[in-house]
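Try each task before you turn to its solution.

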Amino acid sequence: MLPLALALATEEPPPTELVAVAFAANGVVAAVETRWVMDGPGFPVARLALHDTTTGQLREQFEVALREADASRGLTGATAAVRQDAAAALARDGIDLSRPATAEGCGGGRCGGGSGCAGGGVAVVVTTAPVTGETCPAGWAGEAPSVTVSKQAWTVTAGRPDCARGFAASALYRGGHGGVLVLSFEIPGHEGAAQRFMAVVGPLD
């Protein structure tokens, strides 16, 4: 049996699917919609996070987990439920999830580990630093990411899972004066490395 700390580190945290990214008409708020299936009971979960693009900080978050009989509605049902819960906030900020932003590849691919990439006049640099004190599988070391977008340091406010490593910029969404950068990374899983992602939000000018 694994020690508790190692067992927690090797869990595969959500989310696993990016549903949509959308921006308020004035570009000040970015909505990031994700979903996943909860390990074990298999309940579908959807989350909708609203971020301030001028600071990158989380403003508001909605999350729905469908349980018992409702679980049969699947991930699509969870998405519909979280959008209903967030309807007033989306209307307030003028965000239309039916018209999501389009992802831009970072220079046609991934970049990270200190290298830079540019696309559409936006340069992205992802650097990492080793993390100590985490109980990870043998031969595995975690990293903490730092992000610079067009020479501006963005604050990584999303939760970084234990033992996460291999961070790279995989896509950029732009709206108004702000953007959402998707960082891919890997974590130890029960059957080897598992790919996950996190969203970082900040200003573009």
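**Exercise 1.** In this predicted model, find in which sense strands S3 and S4 pair, and over how many bridges.

*Solution.* Begin by locating strand S3 at residues 44-52 and strand S4 at residues 58-65; the two pair in the antiparallel sense, over seven bridges. Next, take histidine 51 and look across to S4, where its bridge partner is leucine 58. Finally, turn to the hairpin of S3 and S4, which has five residues between the strands, and note that glycine 56 takes a positive phi near 85 degrees there.

**Exercise 2.** Decide whether cysteine 136 and cysteine 163 form a disulfide, and work out what the pair ties together.

*Solution.* The sulfur atoms of cysteine 136 and cysteine 163 are 2.0 Å apart, and a disulfide requires them to lie within 2.5 Å, so the two cysteines form a disulfide. Cysteine 136 lies in the loop between strand S7 (122-130) and strand S8 (143-149), whereas cysteine 163 lies in the loop between strand S9 (152-154) and strand S10 (165-175), so the pair ties together parts that are 27 residues apart in sequence. The link is left-handed, with -100 degrees about the S-S bond, and both cysteine 136 and cysteine 163 are buried.

**Exercise 3.** Determine why glutamate 186 counts as buried, and which residues it touches.

*Solution.* Glutamate 186 is found in strand S11, which covers residues 178-189. Its relative accessibility is 19%, and buried means under 20%, so glutamate 186 counts as buried. Leaving aside residues up to four places away in sequence, glutamate 186 touches Trp140, Cys163, Ala164, Arg165, Ala193, Ala194 and Gln195.

Note on methods
Residues numbered from 1 in each chain as written. Predicted model: local features only at pLDDT ≥ 70, side-chain atom pairs only at ≥ 80, totals over all residues. Heavy atoms only, no water. Helix = DSSP H or I, 4+ residues; strand = E, 2+ residues; numbered from the N terminus. Buried < 20%, exposed > 50% of the residue type's maximum accessible area, 1.4 Å probe, protein only. Contact = heavy atoms within 4.5 Å. Pairing = 2+ DSSP bridges.
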